[in-house]
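Thanks for coming. I'll go through one model this morning, and you can follow along with the sequence and structure on the screen.

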Amino acid sequence: MSTQAALNFNNLCEILEKHNNDPAKLITILQEIQEVYRYLPEDIMTFVATSLGISPAKVYGVATFYSHFALKPKGKYVIKLCDGTACHVKKSTAILEALQTRLGLNEKNNTSSDGIFTIETVSCLGACGLAPVVMINEEVHGAMTPELALKEIDKIIQQEENKQ
Amino acid sequence: MITLNKIDLDQISLAYNSSLEKISGRIILCAGTACVANGAYKIRDRFLEVARAKELSISMEIQKENSGDYYLSKSGCQGFCQMGPLVTILPANILYTRVKPEDVEEIIDKTIIKGELVERLVYKAPGKETLCPTPKEIDFYKKQRRFVLKDCGIVDPEDIQEYISRGGYKNAEKVLKKMEPEEVCQEILEAGLRGRGGGGFPTGRKWALTLKEKSNKKYVICNGDEGDPGAFMDRSVMEGNPHSVIEGMIIAAKAIGADEGYVYVRAEYPLAVARMKKAVNDAESLGLLGNGIFNSDFNFKLHVMEGAGAFVCGEETALISSIEGKRGMPSPKPPYPAQKGLWGKPTVINNVETLATIPLIMNMGHAEFRKIGTENSPGTKTFAVTGHVANTGLIEVPFGTTLREIIMEIAGGVTDNNGNIDNSKFKAVQIGGPSGGCLTAEHLDMPLDFDSLKSVGAMVGSGGLVVMNEDTCMVKIAAYFMQFTQNESCGKCVLCREGTKQMLNLLNDITKGKADHNTLILLDELAEAVKAGSLCALGKTAPSPVLSTISQFKEEYRAHVEDKKCPSGNCKDLLEYKIVPELCKGCRLCAKKCPSGAITGNLKEAHIINTEICTKCGICFDTCKFKAIVKE
């Protein structure tokens, strides 16, 4: 086991312990685990199931039901494109299409192969006053256009290239 | 630290107010999600930086012993999101809009030191030159009745002492010390308060039903799983005045005999989660939550739980499943949560706004409360007004206000695609989110309340109002909502799971020009089946946006189905972009902006769109200054 994996596993055990291995806390437990791993690896979910004394199917069932949980690793930059009603009527779809075309992604294949970007649509970020809205990781960008959104992407690509 | 049980609200209030008297002014920075996104925190940092350079004392904490001459505090959403970031200067109550970090120095020099206005930051009504320096002069605020939102946008949501200093928790104290559960239920029943989460069920009756149940354990749940796209009222209350929700929950717990509660907040609202959690911790450490509150024998433990992204969890039985750690799927009613709720125990579930209204009713009494609003829908309602209007944002009006007052006066009128006000462009308002319906120009003067909306096939819902202009395609809007419910259907009921999918396919056929005369008949049949065959409100109301747009915009549907034309020019498959060579000046602007490189042509020569590469995104159409690009 690598050091990182051991560290993560330690965190995992702490999370389970903190919640007294209580199956009623499953959602909170999975949320905290996802913060450690950035997604929910299959073997970890099985481990959680055994620890809580419930079937892996139950854990998997909860993990697939809620959109907040990811079963595949997400990109370093998660681009959340708001498609709430207000953003929709202000043409958020054009922004989505522009981003997808630029990054060569689509609805099913939404993470770039280099693991840098994930594009998701969300139903409402609640910042309707700034519609249309794009959220990149925790940062909200309001009054977006396809052009401005692409500029943000280019900035990140530039940053990543400089790091290498 | 003040010990448990011995909390003295008056003492806290007195101490806070005397600190407030010591300061010479206050700067309130709106820190709602929209203003933060626009850089509110950068403005805060700039204020502190400039103050330091000018040796002006600005403090971010009021009750430090050497408290500054000026107190800089943040507030929850002030509602005027369009004009953010907002900065209010007290005591003059000057409201500065669209403030940037580089404006801060001027604000300090002119307004704070000399008491003069910085005119360019003062709001002016669109097209007018009169300055509106305080909210009293601004139409957006002037025509509202801020009741539940009164303190949102003023108080620091993370300072429990400020909430207490404005009479907070006084009503909980009164209820716990002097009232019997039956009296509390009766008071709310007589106030005629109806649930603000959508259905409009009388809150007092819900409470009385739960009180009646005999059980050793009962729960109160606050439903903050506000998932309607285009609605953010509950978020604003949780972010702006979280203690009002907690106080409402304490009163509800007393009224039904509960000793434990949950606040269930949507995962997409990280700020609301953080502020609710802090508020609960602060209330606990002052002994306002816990055992023996206010020296009574009343105990109340409150948890904050974060959702995980499922719209259906706004339905009460699904929400209960989610708190229990399961998939959030609804279950049949009866038994109602009042009889068998969380862990099988009697449970009351109320919406955020409903709970925040409770302390206000206890304070003013039911008779005064009934004077606001209409006979059958007393009180006020918050709405999130978005879409094609001049002032998007959060508003609060008494029930019985007309759409015309909301859209044309408070929201400042309808805008065209370029943001210019043109009320003649008004087409429709979508109210109540994916469960609601559309209202048109003929409904503009109808007083809005629970019953009037139901009678025209719409609903108050949680209060999302999306205004649409003439360039919006109603078939696409119906398809948009159908896509939403399709995604969010939990899959338990076949008709909701499969029926919404088929309805969506039919709507997509219409927008793609593949529909025939049977499509609308089929849609109608399916709508009835989905309504009848679904367990919860998500499925039962899923067809509403479709049925309502079909009945209000028959002609538009007909044009799509029979003429294969989209009158508003939105359905890509029914149109093509072309450049009129005679009008094209060859400025290259459209070619530069085209994301797919479909436009070619030399400078000062007419350009051509390659229809095979064109994704019909419409950017060129919006860009062209010479109207040389047409949709056909």
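Confidence comes first, since this is a predicted model. Chain B averages a pLDDT of 91, and 98% of its residues score at least 70. For the complex, the predictor gives an ipTM of 0.88 and a pTM of 0.91.

Next, chain A. Chain A has seven helices and four strands. Read from the N terminus on, its elements go α-α-α-α-β-α-α-β-β-β-α. The C-alpha atoms of chain A fill a box of roughly 50 × 40 × 25 Å along the principal axes. There are 164 residues in chain A, and buried ones make up 37% of them. If you take the contacts in chain A with a separation of 6 or more, 60% of them come from residues 24 or more positions apart.

Chain A is divided into two parts: domain 1 covers 3–65 and domain 2 covers 77–163. The C-alpha centres of domain 1 and domain 2 of chain A lie 30 Å apart.

Now the sheet in chain A. Four strands of chain A form an open sheet in the order 2-1-3-4, with mixed pairing. Why is one side of strand 2 and of strand 4 of chain A left without a neighbour in the sheet? Strand 2 (117–122) and strand 4 (139–141) of chain A stand at the edges and each has a single partner strand, so one side of each has no neighbour there. From one strand to the next, the twist averages 20°.

Strand 1 of chain A, residues 77–82, pairs with strand 2 of chain A in the parallel sense, over six bridges. Within that pair, Leu81(A) stands opposite Thr121(A) of strand 2 of chain A. Helix 6 of chain A, residues 92–103, lies across strand 1, strand 2 and strand 3 (134–136) of chain A. Helix 6 of chain A runs at about 155° to strand 1 of chain A.

On to chain B. Chain B is divided into domain 1 (14–142), domain 2 (167–369), domain 3 (380–472), domain 4 (475–563) and domain 5 (576–631). The C-alpha centres of domain 2 and domain 3 of chain B lie 28 Å apart. Where those two touch, 15 residues of domain 2 of chain B are in contact with 16 residues of domain 3 of chain B. On the domain 2 side, helix 10 of chain B (residues 233–240) gives the most, with three residues. By class, that side has four nonpolar, five polar and six charged residues.

Chain B also has an open sheet, this one of five strands in the order 2-3-1-4-5, with mixed pairing. Which strands are at the edges? They are strand 2 (58–59) and strand 5 of chain B, and each pairs on one side only. Strand 1 and strand 3 (residues 70–75) of chain B pair in the parallel sense over six bridges. Arg26(B) stands opposite Tyr71(B) in strand 3 of chain B. Helix 3 of chain B, residues 40–53, packs on this sheet and touches strand 1, strand 2, strand 3 and strand 4 of chain B. The direction of helix 3 of chain B makes about 155° with that of strand 1 of chain B.

Strand 1 of chain B, residues 25–30, is also joined to strand 4 of chain B, residues 87–90, by four bridges, and these two run antiparallel. Here Arg26(B) stands opposite Leu90(B) in strand 4 of chain B. Strand 4 of chain B then pairs with strand 5 of chain B (residues 94–96) in the antiparallel sense, over three bridges. Val87(B) has Tyr96(B) of strand 5 of chain B as its bridge partner. Strand 4 and strand 5 of chain B form a hairpin with three residues between them. In that turn, Asn93(B) has a positive phi of about 60°.

One helix of chain B to point out: helix 14, residues 352–364. Is helix 14 of chain B mostly covered or mostly uncovered? Helix 14 of chain B is mostly covered, with eleven of its 13 residues buried. Among them are Val352(B), Glu353(B), Leu355(B), Pro359(B) and Met362(B). After helix 14 of chain B comes Gly365(B), whose phi is positive, near 85°.

Last, the interface between the chains. Here 46 residues of chain B are in contact with 37 residues of chain A. On the chain B side, the elements giving two or more residues are helix 2 (33–37), strand 10 (301–306), strand 12 (380–387), strand 16 (464–469) and helix 18 (474–488) of chain B. That side has 19 nonpolar, 20 polar and seven charged residues.

Notes: Residues are numbered from 1 along each chain as its sequence is written. Chains are lettered from A and ligands numbered from 1 in the order in which they are written. This is a predicted model: local features need pLDDT of at least 70, side-chain atom pairs count only at pLDDT 80 or more; totals for chains, interfaces and linings use all residues. Two residues are in contact if their C-beta atoms, placed from the backbone, lie within 7 Å. Ala, Val, Leu, Ile, Met, Phe, Trp, Tyr, Cys and Pro count as nonpolar, Asp, Glu, Lys and Arg as charged, and the others, Gly among them, as polar. pLDDT is the predictor's confidence in each residue, from 0 to 100. A residue is buried if 20 or more other C-beta atoms lie within 10 Å of its own, exposed if 12 or fewer, and partly exposed in between; C-beta atoms are placed from the backbone. Domain bounds come from an automatic or database domain assignment. Two strands pair if DSSP finds at least two bridges between them. Axes are lines fitted to C-alpha atoms, for helices over the stretch in contact, and angles run from 0 to 180 degrees between N-to-C directions.
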